[in-house]
Structure formats: C-alpha cells, structure tokens
Amino acid sequence: MSAKLHTPSDTTALAPPDLEMMRESAGIALGPVSAPEAVPPAGEELDTLTAALRGHIELLAPEVEQAAGRLPENSPTRACALACVGEARGKLRAPELGFVMRTGGVMYTRRLARVLAALCDHYDIVSTGVEETPEQAAFDQLVEHCLKCKTCRVVDDQGAHAGLPCDEEKRLHNEYRTARASAAVARRNHRGYRAETPA
C-alpha cells in the first residue's frame with residue numbers, strides 16, 4: 001500500500017534541518033533501545049544536553065508546522081504533526097510552569113528527547129508531502145468497514161458488541177497490524193536502532 005502524496009506548490013531553498021544530529025542528541029538522553037534504564041549525563045552535561053534539545057525543538061517545531069500546513073486540512077499526517085508541535089511547545093513551557101522542579105531534570109530532559117524524536121519522524125513524513133501513511137490508510141479502512149458492516153455492528157442483549165466473526169474485518173485488521181508493525185520498524189531503523197523483524 002503506497003503513501004498518498006501531496007505535491008506542495010511552493011519550494012524553499014533553505015537547507016533542511018539536521019535530523020541526524022537531532023536524533024543523536026535525543027538518543028543520548030533516551031539511551032539505546034536495548035538499555036532503556038541507561039541514565040543520561042548529570043550535572044553540567046545534563047544542563048548542556050537539555051539546552052541542546054530545547055534548541056533543536058525550537059528550530060524543528062516551526063519547520064514541521066509549516067510543512068504540515070501545506071497539506072490538505074483533512075490530511076491525517078497534518079493533524080498528527082500539528083498535535084506533536086503543540087505537545088513540543090508545551091514541553092518548552094514546562095520550566096516556566098515549575099515542571100522541572102517537581103519532577104527532576106533527567107525526566108524533563110527525556111521528555112524533551114521523546115518529543116524531539118517524534119518531531120523528526122513527523123518532519124520526515126510531512127516535508128515530503130505524504131497526506132496519509134499506509135498505517136493511517138489501513139486503520140481508516142478498518143474503521144470504515146466496522147462502521148458499515150452489519151455483522152460487525154451486531155450487539156448482544158446487554159448492548160455490548162457481540163463479536164461475531166467477520167472475515168473482512170479480520171483481513172483488514174491483519175493489514176492494519178502489518179502496516180503498524182512495518183511503520184514501527186521503519187521508525188526504529190531511521191533512528192539508528194537495530195530493529196527486530198515483526199512476527
């Protein structure tokens with residue numbers, strides 16, 4: 001299933017953000033997938049890393065917002081990207097709201113790192129004009145079927161979903177699971193992690 005594309009009418013001569021460097025900074029805070037308990041630097045090094053992550057987010061969030069804004073308003077990737085931008089800006093405001101003092105610097109740094117990694121992923125998609133990813137398309141098809149299918153809509157005497165077998169629902173659900181697993185593997189590979197092949 002190929003991604004639905006939108007070709008933007010305007011192009012820019014500006015160099016794209018250095019996503020590799022941004023992902024590397026996020027990786028230092030989060031640690032490798034094989035060792036999620038790894039602790040990021042402390043003291044001055046942690047302060048420097050936190051400042052770098054904040055700077056990356058401040059640079060990348062507007063880029064994601066602009067690229068998403070060029071997509072149609074009903075584009076799923078646009079909606080997801082803009083939601084991530086909003087979350088990122090909330091993380092940047094966290095120190096003003098006392099978040100760091102309440103939860104500690106390491107947790108705040110890791111939250112910045114996670115939202116930065118997500119912004120990088122969104123930029124990869126929206127900057128190339130992808131309106132809908134295969135994962136989103138598969139989910140939409142599954143939902144659309146379940147809303148229209150007489151078998152899938154059957155409820156029992158208590159009003160709960162009856163769970164009657166539906167071959168088409170099963171097929172679409174498997175397609176969605178496959179698309180979702182493939183997307184997860186692609187994201188891990190893109191971040192430089194060694195991905196395992198989905199079952």
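By salt bridge I mean a side-chain nitrogen of Lys or Arg within 4 Å of a carboxyl oxygen of Asp or Glu. R23 sits in helix α1 and D121 in helix α5, so this pair ties together parts that are 98 residues apart in sequence. When I say helix or strand, I mean DSSP runs numbered from the N terminus: H or I with at least four residues for helices, E with at least two for strands.

A quick word on what you are looking at. This is a predicted model, in which local features need pLDDT of at least 70 and side-chain atom pairs count only at pLDDT 80 or more, while totals for chains, interfaces and linings use all residues. Residues are numbered from 1 along each chain as its sequence is written, and side-chain values use heavy atoms, leaving out hydrogens and water.

Are R23 and D121 buried or exposed? Both are buried. Buried here means under 20% relative accessible area, exposed means over 50%, and partly exposed is in between, using a 1.4 Å probe and protein chains only. R23 has a relative accessibility of 10%.

R23 has another partner too: its side chain meets that of D124 in a salt bridge, at 2.7 Å from N to O. This pair also links distant parts of the chain, with R23 in helix α1 and D124 in helix α5, 101 residues apart. D124, at 25% relative accessibility, counts as partly exposed. Put together, R23, D121 and D124 are linked in a network of salt bridges. As background, side chains of opposite charge can pair when their charged atoms come close.

How many salt bridges does the structure hold? Seven. One of them joins E87 and K91, whose closest N and O atoms are 3.3 Å apart. These two are four residues apart in helix α3, so about one helical turn separates them. E87 is partly exposed at 44% relative accessible area, whereas K91 counts as buried at 17%.

Now for a charged residue without such a partner. R78, in helix α3, is buried yet has no salt bridge. Which side chain of opposite charge is nearest to R78? That is E73, 4.8 Å away. For charges, Lys and Arg count as positive and Asp and Glu as negative, while His and the chain ends are not counted. Leaving aside neighbours within four places in sequence, R78 is in contact with A68, G69, L71, P72 and E73; contact means heavy atoms within 4.5 Å.

Let's step back to the whole chain. There are seven helices and two strands, and from the N terminus on the order is β-α-α-α-α-α-β-α-α. Of the 199 residues, 35% count as buried.

So what is packed inside? In soluble globular proteins, nonpolar side chains tend to be buried together. A nonpolar core is a set of buried Ala, Val, Leu, Ile, Met, Phe, Trp, Tyr and Cys residues joined through side-chain atoms within 4.5 Å. The largest one here has 28 residues, and L53, I57, L60, V64, L116, L119 and V126 touch the most other members. Helices α1 (19-30), α2 (43-69), α3 (76-93) and α5 (105-126) each supply at least two residues of this core, and α5 gives the most, with nine. Apart from this core lies another, of five residues, among them A138, L142, L172 and A179.

Last stop: the cysteines. How many disulfides turn up in a search of the whole structure? Zero, where a disulfide is a pair of cysteine sulfur atoms within 2.5 Å. For C120, the nearest cysteine sulfur is that of C84, 9.4 Å away. For C166, the nearest cysteine sulfur is that of C152, at 3.8 Å. C120 is buried, with a relative accessible area of 0%, and C166 is buried too, at 13%.

C120 also brings us back to where we began. C120 is found in helix α5, and, not counting residues up to four places away in sequence, C120 touches L19, M22, R23 and L60.
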